[in-house]
Every structure is written in C-alpha cells, then in structure tokens.
Amino acid sequence: MNDKPKTNTLRIRSIDVLRAVTMVLMIWVNDFWTLEGIPGWLEHMPAQADGMGFSDVIFPAFLVIVGLSIPFALDKRMESQSSWEVVAHILLRSLALILMGFFHVNLENMYADAMIIPKYVWQILLTVAFFLIWNDYRPTGWAKRKILMAQGIGLALLLGLAIIYRGGDAEQVIGLRTYWWGILGLIGWAYLYAALVYWLFHGRLVAMIVAWVFFLAFHLANFAGYLDFLEPIQLGVWMPDRGTGVALVLGGVVASSVYKRLAQEAYGQFIGVLIVMSSLMLLYGWLTRPAFELSKIRATPAWIGYCTAITLSAYALIYYLVDIRKWDGWYRWIKPAGRSTLTTYLVPYIYYAVWSIWAIHLPLAVRTGAVGLVKSLLFALLIVAITGLLNRWKIRLKI
C-alpha cells in the first residue's frame, strides 16, 4: 500500500476532519448545562481539583488545531501577498475574534433588570451583528456597495448594543467591561501571537520549535513565580492566561511544520513524529503535575501537556484513517463543522435565546443521564445541520 497521500487537498483534509469532530464535541459538552445526572468525569473539574474531565480537553484541542492550520493558511498568503497584507490579515482576524469574545463575556455579566430590551433579544441581535459584519459575501455575488451597506448596518447595530448594555448588579450598574476574554477572545489572542511568530520567521521549523519551547517555558515561569515582576506592566492584558493559548497553538504549528518538511519524503514518518511529540508532552505533564497540579480552570502546565498529547494522538489516528486509508465517507455528515467552524459555534447563541424567549422546557426524563447525553449529541448534530443549511444560503462567517 502506498502510504503517501496526494498533495494539497488531502493533506489538509485530516485537519478539517479533526476540527469538525472537535467542534461537534464542543457543542455537545456546552449543552451539558441543560442536563441532570450525568457522569462527573464528562464535565469540567472544579477549580480546586487536581484532575481533568472530558470537557476540559475540548477547548485546548481546538487551540492545537488552530496551530495545525496556520502553516497551510499563511503559506498561501505569504506566497501571494506582501508582508504588510499578511500582517493586516492576522491583526484583523485576531481583532474580530477578540471583539466577539469581549461581547460574549459581557453577555455573561449582563444585569438584565437594567436593560431596555430583554437579555435574549440583545443576544440574538449581537449574533446577527456578527454575521452582518463578518459574513463571507463572496459567494453571494453582491456588489461592493451592497456588501458595505450590510457591514455598516452590522457595525451600527453592534455600536447600539454596546451603548444600551448594562452590566454589574443592583448596587452598581456598569457598561461594557473587560472581565476575561472569553473562548473566542482567547483564540484570537493565541492566534495573534502564534501567527505573527510564524510570519516573522517565515515558518522555519527550527524557529517554530524554539518558539514553542519558549512559550512553554514562559508559561511555566509564570506558575513558578519567576515573572511576578512583570505585573506592573499589565501582563494579563498583553499575554492572557500566562501564554497558555500560545503554547497550545504553537504545538500544532510545530506538528504541521514537520509535516511540510516531510512532504516530499515519507508521509508515514509523520505519524511517528506525532507519537513522539505526544509522548514528550505527556512526560511534560507528568513532570509538572506534582508542583502545579492538573487543572483546566487554573490552566496549569500539566493541563497543557496532557491536552496537547491527547490532541496530537487523536490527529495521528485521524491522519492515518483519512489521509492514508482514505476512510472519510462518514465525515460528510459533520463537514460543515470543519469548514464553517465559527458559524457552528455562534448558531447556538440564537438557538438558546429563542428557546429561552419561548420558555421551552424539555421533560426531565429527556434531560437526565444517558438519555440526556444522547439528547445533547443530537442537539450538536442539529446545529451542524443548521450550519450546512446556512452555508447553502450563502451565510457563513469567514475571518
């Protein structure tokens, strides 16, 4: 059997498949809040616990996948665009994700009693604004003027929602604030640093390995207290989560950079590289856990190590099945989640808001135990199907 997959399309296909699987799992676990009586190991571990649940693996896995995609996406741009155009793309993409995350975090901290419109109406309008601003209008065939008008309406709507927003509580009503950056915001910050590093060093493998080790060490030094002297310059703003996200993304960048180096040699070696990287990160997690414990909430070094190892191991399996054995027929059922990931992530915000406005409540029997888990899985697949339908209507966010 020839173990060398064809070029270009198939070499990225396994990343799309891994992204789709991860996105379906993310929607699934994000729906656990609607359930009762599900196994504790499936949920997030408490902040004080020294342990990791299944839900604690999903977000870091997505960050590693962001890194897996960066070399392929940026190489195409660096070949056809100027350096400043590439940097502008990185900055605008990061800003969009950070801004979305900022609004989502404020949504969590809204003081509904002080709002002039219901919370869930604000939530729906916020999501509509995101779609108007960042929709991929190219397949629509719209004229430039019409596109700018739609984006202008979206920006005006976003500004209006920001003006009427009220957070805090009855004792102190406040406007929009920075609490933490949210899921999308953390992805945006991590992408910003990792993508700029990749651009700056033109994706050289040795430079990517050095950068990965540097950010792992940066994160570890923070936990050890060696960088406490940086607090006066607002470390938490310019390097969120002590560099956690950047370290996870760069792990994926290194893996894809190795793959590109092997592209003209032996593809079968790539699985071996992934296994070696996974083993090293597993060892890193094991060595750092006694000192700093294992926690997703606290974003400990061991959590980075174990989650990177799990994701790269999963990718090795999917790479083998999809790119080498060509077993990918099942992927078409979840393909929209791999190709329109941001759209898939945002659709539930409208879904949950509509259900809350209509005060729809499923029977407890449907939301409990194994039956509830199946319900949430079907919900995730429904969201993917809705995303596919939106794609056919030429509604798809692309940042």
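**Figure 1. K326 in the loop between α11 and α12.** K326 is partly exposed, with a relative accessible area of 37%; buried means under 20% relative accessible area, exposed over 50%, and partly exposed in between (1.4 Å probe, protein chains only). The model is predicted, so local features need pLDDT of at least 70 and side-chain atom pairs count only at pLDDT 80 or more, while totals for chains, interfaces and linings use all residues. Residues are numbered from 1 along each chain as its sequence is written, and side-chain values use heavy atoms, with hydrogens and water left out. The loop that holds K326 runs between α11 (301-324) and α12 (335-339). Helices (H or I, at least four residues) and strands (E, at least two) are DSSP runs, numbered from the N terminus. Phi of K326 is near 60°, a positive value in a residue other than glycine. Most residues other than glycine have a negative phi.

**Figure 2. K394 in the segment after α14.** Helix α14 covers residues 369-392, and K394 lies in the segment after it. K394 is not a glycine, yet its phi is positive, at about 65°. With 37% relative accessibility, K394 counts as partly exposed.

**Figure 3. A61 in helix α2.** Helix α2 spans residues 55-80 and includes A61. A61 is buried, at a relative accessible area of 8%. Neighbours within four places in sequence aside, A61 is in contact with T22 and T311; contact means heavy atoms within 4.5 Å. A61 and A314 are 253 residues apart along the chain, and their C-alpha atoms are separated by 9.5 Å.

**Figure 4. G154 in helix α5.** G154 has its place in α5, residues 144-164, and is buried with a relative accessible area of 0%. Not counting residues up to four places away in sequence, G154 touches A129, L132 and I133.

**Figure 5. L250 in helix α9.** L250 sits in α9 (residues 244-262) and is buried, with a relative accessible area of 0%. Its contacts, leaving aside neighbours within four places in sequence, are A194, A211, W212 and F215. L250 and L216 are 34 residues apart in sequence, and C-alpha to C-alpha they are 9.4 Å apart in space.

**Figure 6. L346 in the largest nonpolar core.** A nonpolar core is a set of buried Ala, Val, Leu, Ile, Met, Phe, Trp, Tyr and Cys residues joined through side-chain atoms within 4.5 Å. The largest one has 118 residues, of which I70, W122 and L346 touch the most other members. Apart from neighbours within four places in sequence, L346 is in contact with M100, H104, T127, F130, F131, L184 and L397.

**Figure 7. The protein chain as the setting for these views.** The chain has 14 helices and 2 strands. Of its 399 residues, 51% count as buried. Among contacts in the chain with a separation of 6 or more, 79% join residues 24 or more positions apart. The C-alpha atoms fill a box of roughly 60 × 55 × 50 Å, taken along the principal axes.
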